[in-house]
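Have a look at the sequence and the model below.

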Amino acid sequence: EEVKQPFMGYIHLLPPHDPYTTRREFMDHFDDGWVPVIKPQHHFSNDHSEESLNQRRLLYDRSIAYVDQEFGRLHQFMTSKGLLDNTIFILTSDQGEMFERGIHGHIGPTLFEPVIHIPLVVSVPGQTKRINVYQPTNAVDGLPTLFQLTREPIPNWSEGQVLPGIRASDIDNHP
């Protein structure tokens, strides 16, 4: 059955969230002996040992490798079906995870780079140039950015701002 146009889809992948499970094929990924730099424990630490943090980081990295493969499968499927010809495609995350300074996770009084530095990739049909954004942004900037890219008025109840450097007029052949 054909999907009515326009439409919006939202896909939320549970990994990489604790307990950081992955498929069997990723269980030996990153067994290369790499050991991260030991950083001093933060006074807000949860007193996790370096060994414990390194083991959790390894499980997390394997989980990310699994998600990366699944994302690639989704992107390849959409490409093969021509769906990206008229789709704004966004990849992002809710937060990162902390595996250093005695801290595990993302909940607490510390906001170091591993927690707040997350991916954001926006791909628009007809886009002819890459736009890098180096200023801090916020997840609430996604909605006004989508309105901007679809050339719809941004409602006054919408929080956030259009991502810097993103203008519908910059995107060639946008539907």
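## A salt-bridge network to start with

The side chains of R23 and E25 meet in a salt bridge, with N and O 2.8 Å apart. The term salt bridge here means a side-chain nitrogen of Lys or Arg within 4 Å of a carboxyl oxygen of Asp or Glu. Before going on, a word on the source: this is a predicted model, where local features need pLDDT of at least 70, side-chain atom pairs count only at pLDDT 80 or more, and totals for chains, interfaces and linings use all residues. Residues are numbered from 1 along each chain as its sequence is written, and side-chain values use heavy atoms, with hydrogens and water left out.

Back to R23, which also forms a salt bridge with E70, and here the closest N and O atoms are 2.9 Å apart. Salt bridges with shared partners join R23, E25, E70 and R73 into one network.

How many salt bridges turn up in a search of the whole structure? The search finds seven. Another of them pairs D18 with R56, whose closest N and O atoms are 4.0 Å apart. This one links distant parts of the chain too, with D18 in the segment before α1 (50–80) and R56 in helix α1, 38 residues apart. As a general point, side chains of opposite charge can pair when their charged atoms come close.

So how covered up are the partners? Buried means under 20% relative accessible area, exposed means over 50%, and partly exposed is in between (1.4 Å probe, protein chains only).

| Residue | Relative accessible area | Class |
|---|---|---|
| D18 | 49% | partly exposed |
| R56 | 27% | partly exposed |
| R23 | 29% | partly exposed |
| E25 | 41% | partly exposed |
| E70 | 18% | buried |

## The overall picture

Now step back to the whole chain. The protein has three helices and four strands, counted as DSSP runs numbered from the N terminus (helices are H or I with at least four residues, strands are E with at least two). From the N terminus, the order is α-β-β-β-α-β-α. The C-alpha trace spans about 50 × 35 × 30 Å along its principal axes.

Of the 175 residues in the protein, 28% are buried. The exposed surface comes to about 12600 Å², and carbon and sulfur atoms supply 55% of it; these areas come from the Shrake-Rupley method with a 1.4 Å probe, and for residues only the protein chains shown count as cover.

Contacts (heavy atoms within 4.5 Å) tell you about the fold as well. Among those between residues at least 6 apart in sequence, 67% join residues at least 24 apart.

As for charge, the protein has 14 positive and 23 negative side chains, and the centres of the two sets lie 4 Å apart. Lys and Arg count as positive and Asp and Glu as negative, while His and the chain ends are not counted. Each charge is placed at NZ of Lys, CZ of Arg, CG of Asp or CD of Glu.

## Around helix α3

Which residues of helix α3 (residues 142–149) are buried? They are P144, T145 and L149. Seen down the axis of α3, these buried residues fall within an arc of 135°, so they line one face of the helix. The arc is that of the directions from the helix axis to the C-beta atoms. What they pack against is β4 (120–123).

The segment after α3 holds S158, a buried residue with a relative accessible area of 14%. Leaving aside neighbours within four places in sequence, S158 is in contact with L143 and P144.

Most residues other than glycine have a negative phi, and most peptide bonds are trans. F30 is not a glycine either, yet has a positive phi of about 70°. You'll find F30 in the segment before α1, partly exposed at 41% relative accessibility.

Where is there a cis peptide bond? One joins P15 and P16, with omega about 10°, and P16 belongs to the segment before α1.
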